[in-house]
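Dear colleague,

Please find below the structure that I am handing over to you. My notes on it follow directly after.

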Amino acid sequence: MAEPQQALSRTFPVKPKLKAKSKKPSKTPESKYWSSFKSHTIPNLISSITSLSFSPATPHHFAAAYSTSLTLFNSKTLEPISSISSFKDVVSCASFRSDGLLIAASDHSGLVQVFDVKTRTALRKLRGHTRPVRLVRYPRSDKLHLFSGGDDAVVKYWDVAAESGVVEFRGHKDYVRCGDGSPASSELFATGSYDHTVKVWDVRVSNSDAAMKINHGKPVEDVIFLPSGGLIATAGGNCVKIWDVIGGGKLLYSMENHNKTVTSICVGKIGRDGGEGSEQYRVLSVGLDGYMKVFDYSKFKITHSMRFPAPLLSIGFSPDCATRAIGTSNGVIYAGKRKVKGEVESGLREFPSLGLMEEPQRRVLRPSYFRYFHRSQGEKPSEGDYLITRPKKVKIAEHDKLLKKFRHKDAFVSALSGKNPENVVAVMEELVARKKLLKCVSNLDTEELGLLLAFLHRHSTVPRYAGLLMGLTKKVVQMRAEDIIASDVLKGHIRNLKRSVEEEVRIQQSLQEIQGIISPLLRIAGRR
Amino acid sequence: MIKGGKSLVSSPPVFSNDAKKLLVCTGCTVSIFSTSTSLQITELEGHTALVTSVVVVPAFTPSSKILCYCWTSSLDGTVRYWDFSLPELMKTVDIRLPIFSMVIPGILSQLAETDGKTPNLFAYLSVENTKIQDDQPKVHRKILKCNLTKSRLAAGVILAETQQPELITISSSGKFFGVRNKRKLHVWEVIAHDHEGAPIKKITLHHTKNLTVFAFHPTERIVAAGDVTGRILIWRSFGRRTFSMGDGLMNGRAMNNEDERPGVRGDDDADSCATWHWHSAEVKVLSFSSDGAYLFSGGKEGVLVFWQLDTGKKKFLPRIGSPLLYFATSLDPSLSSVSCSDNRIHLLKMPSMEILKSISGIKLPCSFPEIYEGLHSRFIFDQTAGLVAFRTENYCIQFYSLFDDRENFEVQICERNHQPSDDVTVVVTLMVLSPDGSMMSTAETKFPEEGLGGLVCLKFWTSGSQSKGFILSTIIYEPHRDAGISAIAFHPTRHMAVSSSYGGDFKIWACSHEIQQRDQTLQNSGWTCHAVGSYKRKPMTAATFSADGSVLAIAAETVITIWDPEKNVLVAVIGETLEPITMLSFIGKSEYLVSASRGSKSQLSLWSLSKLSESWSYKLQAEAVACVMDGSYFAVLTLLPRSSKHTELTETKIDGRDGAILLFNVGEPIPVTTWFVKKAKGGGLAFIHVNSASFKGNVSDGKLPPALLAYINGNHEYVLFNPYNLEAHEPSMVVREKPVGIEDETGKFGYASIYGALPEFDAKRNQTELAPLLPSEKPWETIFCGSSHNLPPITKLCSAFLESLLEKRTPVISD
């Protein structure tokens, strides 16, 4: 037998129609991680951001190269700290030394300069390139040398202290655009060039032939060593390729998920605190199509993808996994910041110490204290406890209460004066079911009619509600024409309504045009 | 054979003396329910027609409270006396007139027991005189007096004649009883020592509106009556002039104010008449509380109103959800019952007005505005679990167990509040269960208000845990734009369904199960559109899948289109009927497809998919078609045509039977068996699979039939029987007959139209001959076998041999 009490006392409040849930699969833990970077835009930088580099030393500030200046940003607050603007031409590349104290920057005049990060003074000027320098990079651990490359297709290896070149490599046939030092050895580095090749150089072998040559097939925009040192990722055209260096430069995988040229790649790390999946490296790539993609090179799978509203030129990822920065071609940096647990814990660590101080002084509760009567009220249920919950109080909205009393017009007005258009439509639908909607409309006074007209103006062209509201709008205007003519306020509403109707007509027309374009295509596609 | 689905609310229920049992008239039996568990305890079987009233013999001493005797009256013209604790029939009084109501004043007054010898017991009966129809064509419903002790009618005592069969109401002391007669109220006083032919005094109270119900106050001379407009009239001190004897106190202050009688109409014998008005429609329930302080009233609104008699103050028990019909009080002051028109009896705990228990019967048919002509919509059957589902008025679907004859559960389809007096604006138009009963699909339509806000909505449900109820899985708003849905069908094996619309397209829906990762156990499943199809923009009117699910048949008005549901490719188009097809079904696993169409040229056709043509067709109006899931039989419930040639011939035989169930084998167009049934309009038919657990019925021969045929008539009474066992018990509601040939066969379709009619089958042929006869035992082979001394005498042998020859030749001749 059915439970009678339940059957009788049930009342159903009016409910808006359900919305279609997106069919998108819910986020994987990894994409949750990548979208946990709280986005923050740093706007109004003058020109395109050509390079972003993070300091290897804590607190991992990052330098953005744009126009003729190099700005240092705090990776926590994302505020600019300092700016170096003693460049004669556009800065193309910057690189921190492994201790984060010095930064080398190159510009289009062919000059490579080394600055002290603190004082912003140029300590060394390395002259030697005849054309714009596009690449300057400190090796991963070596503090004394750096290498650079430029549009003159020459790669140079410098002794920074002496301001003199040590080796020149003349293997490339076109502009050298990118390069990276090997994490395994500070003598080994790779450079990528527009002649479609990536060459791995060894400074110990002074002949001008490369230790290894990889043909990417497209002008190489970026090249990085992956953290093991055995793999190289190259970017060029719309693909990112993974190469096995130890295995003699074998192509492992080609990721072609970008629609346009991939401009920059970097290594990202899933720095989740402990647990499964932490300390995994990913390749982050950005392209002119505005997408940032996260590529898992162990599974050869794209694990996350994110879109930005501008062509992206550069990307950087902080070694502590707390910040990532993406530079666009129109002078905006999309920085992302993530809360790192360790940081939170360090903040919390102070409180227990305070608590320890207080603990011994806590007095035994006696019935004479007020707190005695509140004791153990905040107790949490333990594992095995059987919980008796209070029956949930049913919240009845104002319009539901009025509908229950059959005060239809009042319910209608109460819903209209609320903010949620879904509720208004739900009440309207309920009134239709009771055959009272038009009666309600005819009973509205001028002020309430203004409310209704304003609502119709705002929502009658929303596709979800249009089916009901368009018909209703027509009826309302027909029924209440005299009242509308009499009042100026209502006339204003009608003007607004007219405008939104005209706009909708325009939209419909353009949609029909599009349909006219598409339908023959579909016809053709269907014929195959 | 299992019967069930009786109405619980055909007559008022009665409590037993200890208030532990409730006696409810259910068809031709009286069912006794326990008030503590609300389950049926036992049944009083014996009447052959509808039982109309039950009178429990009251107990006056606490010790006699356990006595369980009752009188029942029935339309079969008998009054019976029962001991309902056993249950046992003790006495039958046959008066040969259908009794609509009975009261026995004698047993209510204690005087009867104080006398030394038991006096004659008199009952007052409301009967219909069926014998003299010609003499008095109009008034032949009377109130008669009957001597129950001597089992005869009191000669010549006709208390009143009424237009309609009326319910006699009696006061709880047994002193007064009365009937309503249009705008009048007749009240009689029972004298203390009643005897046959004793003069009975009568007064009449008048009102300007038709009265509907009335009640006597338990102690005072107050009568309350309700009328059709919802007013309640309270006459105080009625019958003071006429029934003056024995009531000294009243008599004393009687004559003082002769002319001050507020509200009393004309010459009526009452002191005052007050009017209370709360009900907006007809008052159906009136009853005084046992102490007389309160008056209960109820009506179409489904609200029980408690009036304080002295002050007229009201309390309410709202939201009962259905019009109220009867209110019964028990001797236990804390228990009473209210019967609702949705075939439900609620047991109320009195002072607090709580509903303790409900006894739910099968939902009675309620009128839904039929916007689309559909066959599937009225009932759905869960063939494996033996459930039938009905739409109810409050937007629910009731699942009723056919084997247990009780409600299993209800599913709320639309989340809307239901007021019984509302106009119906939202209708559940379709409901379909998947063959395994695990999924359900419903379609509902909201009617627009002047072209605004109409909505068609398709819902998919999955069965909940322990097969109790269904959980909403997906809602699809406007699945076919604003066009109505004509049919839904489930794929027999996969999570797939098809819905066809009058808007000219059909959609195939697929259920995608997305089982998420192990840390998120939430199983997200939803139905999404898999394919859309249409055929010449014709309205799609019916749809069905074949038994293996490889073929989808959809009726596009008059033609049947055959599709591949996987690839959504039109495979074939079959034939044409005269009217749009409303029902399509594959017959078991065979290649045949049966279709039914309605309208002026309604038609039942069988189509062969291998030949892509019509096999045969009848001009029949099919109400329902049921197919065996595995097998080649199908049954059709058809309405007998009015202008049948056989009406004169079979009128007496058929009386009241307006439909027939025809059981066909796929191979032949002649029905294997025919049953004639009553109230076939709005009926339903299904084959129910039997598993031994659920089948507790009378299996005489030990083996279970493969499937039972369930027939539900228009009043939602049902019967389950074995269609194959032709010599089975003859049900009273369903009467098997020899197949009276349906000679309105439209033989001019397809084959017949080209090649002429096939040889007529013999309409008068006996059914037993149609059943496949085993070859006779060939006695000529056996009778001469054996040793010669065992052989019977030659005279016997000879006759047996000759008889066998004769038998052998008969079929040859008949062919």
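Buried area is the accessible area, taken with a 1.4 Å probe, that two parts lose on being put together, summed over both. Between chain A and chain B this area is about 3100 Å², and carbon and sulfur atoms give 53% of it.

Please note that this is a predicted model, in which local features need pLDDT of at least 70 and side-chain atom pairs count only at pLDDT 80 or more, while totals for chains, interfaces and linings use all residues. Residues are numbered from 1 along each chain as its sequence is written, chains are lettered from A and ligands numbered from 1 in the order in which they are written, and side-chain values use heavy atoms, with hydrogens and water left out.

The interface

Contact here means heavy atoms within 4.5 Å; on that basis, chain A contributes 30 residues and chain B 36 residues. There are 2 salt bridges between the two chains, a salt bridge being a side-chain nitrogen of Lys or Arg within 4 Å of a carboxyl oxygen of Asp or Glu. One of them links B:Arg416 to A:Glu430, with an N to O distance of 2.8 Å.

Helix 1 (4-9), helix 7 (421-433), helix 8 (437-443) and helix 10 (463-479) of chain A each supply at least two residues of the side that touches chain B; helices (H or I, at least four residues) and strands (E, at least two) are DSSP runs, numbered from the N terminus. Helix 7 of chain A gives the largest share of that side, 5 residues.

A:His129 lies in the loop between strand 9 (122-126) and strand 10 (133-137) of chain A. A:His129 is buried, at a relative accessible area of 7%, where buried means under 20%, exposed over 50% and partly exposed in between (1.4 Å probe, protein chains only).

Leaving aside neighbours within four places in sequence, A:His129 is in contact with several residues, among them A:Gly110, A:Val154 and A:Trp158.

Strand 8 (residues 112-116) and strand 9 of chain A pair in the antiparallel sense over 4 bridges; two strands pair if DSSP finds at least two bridges between them. A:Gln113 has A:Lys125 in strand 9 as its bridge partner. The two strands form a hairpin with 5 residues between them, and A:Arg120 in the turn has a positive phi of about 65°.

Yours sincerely
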